[in-house]
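Please have a look at the structure first.

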Amino acid sequence: MKLFSLTLISVVCCFLRSCDGNEYKVIVETGDAEGAGTLGKVSIALIGNRGSSSFILLDNAGKSAFQLGQTDTFDITTSDVGHLEEIRVMLESEEEDEERNWLLKTVLVEDLERKITKSFPWNKWLKPGATRKRVIVDIPLSTG
């Protein structure tokens with residue numbers, strides 16, 4: 001009976017944590033220049049010494065994110081990529097005006113399992129092209 005209980009607990013924990021999944025808190029800061037916010041969709045991929053994740057849409061269930069001077073926090077679960085080395089950010093926008101661009105200031109990623117927070121400063125505009133409707137940038141880990 002004891003072995004069955006431990007196995008059941010292991011299966012439930014595996015299901016809740018996506019087996020080899022890892023939990024991260026992603027904190028995104030939008031710049032404060034005029035027009036810095038976006039109505040576009042923002043996704044992130046984590047890249048570490050053990051591999052990389054797929055793109056994960058950063059969405060706060062209907063709350064307005066990525067607006068002028070705003071800091072947004074997202075909880076994500078993905079495969080364990082090891083120690084973070086880089087992130088990949090994708091902005092997709094169907095908008096035809098200024099609200100398609102985005103001034104990304106910085107991204108902090110907290111690895112909740114390892115209790116380590118990494119900083120990925122950018123301080124640049126992301127501007128999707130007229131035909132591609134998206135832009136992807138690789139942002140290395142801050143060494144400072």
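This is a predicted model: local features need pLDDT of at least 70, side-chain atom pairs count only at pLDDT 80 or more; totals for chains, interfaces and linings use all residues.

**Cavities and a sheet**

Sorted by class, the residues that line the second largest cavity are seven nonpolar, one polar and none charged, where Ala, Val, Leu, Ile, Met, Phe, Trp, Tyr, Cys and Pro count as nonpolar, Asp, Glu, Lys and Arg as charged, and the others, Gly among them, as polar. Residues are numbered from 1 along each chain as its sequence is written, and side-chain values use heavy atoms, with hydrogens and water left out.

By a cavity I mean a set of points, on a 1 Å grid over the protein atoms alone, where a 1.4 Å probe fits but cannot get out, and lining residues have an atom within 4 Å of a point. The second largest cavity holds about 30 Å³ of space, a volume being the space filled by probe spheres set on the points, which are joined across faces, edges and corners. Its lining consists of Val28, Val42, Ser43, Ile44, Leu58, Val89, Trp102 and Val107, and β2 (41-48) gives the most, with three residues; strands here are DSSP runs (E, at least two residues), numbered from the N terminus.

The largest cavity, of about 50 Å³, has a lining of three nonpolar, two polar and three charged residues, and β7 (102-111) and β8 are the elements giving two or more residues to that lining.

Turning to the sheet, four strands form an open one in the order β5-β1-β7-β8, with antiparallel pairing, where two strands pair if DSSP finds at least two bridges between them. Because β5 (71-79) and β8 (116-126) stand at the edges with a single partner strand each, one side of each is left without a neighbour in the sheet.

Definitions and conventions:
On a 1 Å grid over the protein atoms alone, a cavity is a set of points where a 1.4 Å probe fits but cannot get out, and a pocket is an open set with protein on both sides within 12 Å along at least five of seven lines; lining residues have an atom within 4 Å of a point.
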